[in-house]
Amino acid sequence: MTRIDDISTPRRTKEIIQRHGFSFKKSLGQNFLIDQNILFKIVEAADLDKEKGALEIGPGIGALTEKLAQTANRVTAVEIDQRLIPILQEVLEPYPNVSVHHGDVLKVDLHELFRNYFSGVSKVSVVANLPYYVTTPILMKLLEEKLPLENIVVMIQKEVAVRMAASPGSKDYGSLSIAVQYYSEPKLVCTVPHTVFIPQPNVESAVIRLKVRDKPPVEVDDEKHFFEVVHASFAQRRKTIANNLKSRFFPGEGRERLEQLLQEAEIEPSRRGETLSIEEYARLSSVLLRAGVR
Ligand code: SAM
């Protein structure tokens, strides 16, 4: 349902920005969406309905928020830039199902936010055009805090989206792929041209959907140890897994012992970290833990 005065038309966006004397802050990743089609695509990918809730991070002047308000039961948006709050209040005035919070999403108690705003809704998804300078910390916070989320649908830098969705053996596969895939099933929704933003970002963009898992795809005895093994294995991409793990877990002697443990986990010591599946990392972490290697 495209309305002529929809906030995302370039003309209306410019009018609001000028009337409020708003200037974009590059340091806050402010690239606003001005294209109806892409807004619809993002909302569609989140699979919302009138029973569900949406958490938006960085509503800007409310272009996506408005679409979410029309589609979901309830919308809560967290915006760091105080200058945008009066604009959001004006733009979102027709939507009583939206609440806007001023704050840094990395510092907000999201569990409390959920208790306060989403207690009556069936499922909640995060839907956002994220500030690119903090994409990974925001997504890792959402996933690691184990919030009861259905989907996370976000516009992010294309290169980061490709890394999140990468499979073992690809040059883009790394610790970020494993962390994201441990908590969710990522799917690239679409790539996006620069022209849908104002101002235009100088990197390529893509929309990705992370379908949040009920439980991880592998059983891990100690998550902290599992992720330490993963990080250590990618410390230097050109090194073998044995060399990387040696630097982290056996800094002095112990090469033979490490190779034995790798064999026990059925992993050839000459392989590189980027070839191991998430199952192999889980197995390796559990063999190392049993041997007291932490
Ligand atoms: N959703 C709007 C749109 O699509 O037009 C704006 C998206 S813009 C890429 C990112 C937004 O996130 C900006 O409004 C910015 O002020 C806000 N932001 C940046 N860092 C933030 C943080 N740590 N917490 C909450 N919002 C943040």
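Tutor: Let's start with Glu79, which counts as buried because it has 25 C-beta neighbours inside 10 Å. Here buried means 20 or more other C-beta atoms within 10 Å of a residue's own, exposed means 12 or fewer, and partly exposed lies in between, with C-beta atoms placed from the backbone. The model is predicted, with local features needing pLDDT of at least 70 and side-chain atom pairs counting only at pLDDT 80 or more, while totals for chains, interfaces and linings use all residues. Residues are numbered from 1 along each chain as its sequence is written.

Glu79 is found in strand E3 (helices, H or I, of at least four residues and strands, E, of at least two are DSSP runs, numbered from the N terminus). Beyond its neighbours within four places in sequence, Glu79 is in contact with Gly58, Pro59, Leu84, Ile85, Leu88, Val100 and His102; contact means C-beta atoms, placed from the backbone, within 7 Å.

The UniProt annotation "binding site", from an unreviewed entry, includes Glu79, Gly58, Asp104 and Asn129; such annotations may be inferred rather than shown by experiment. Asp104 sits in the loop between strand E4 (98–102) and helix H5 (110–117).

Asn129 belongs to strand E5 (residues 124–129), whose six residues are buried, so the strand is largely enclosed by the rest of the structure. Ser125, Val127 and Asn129 point one way from E5, and Val124, Val126 and Ala128 point the other way.

Technical notes
Two residues are in contact if their C-beta atoms, placed from the backbone, lie within 7 Å.
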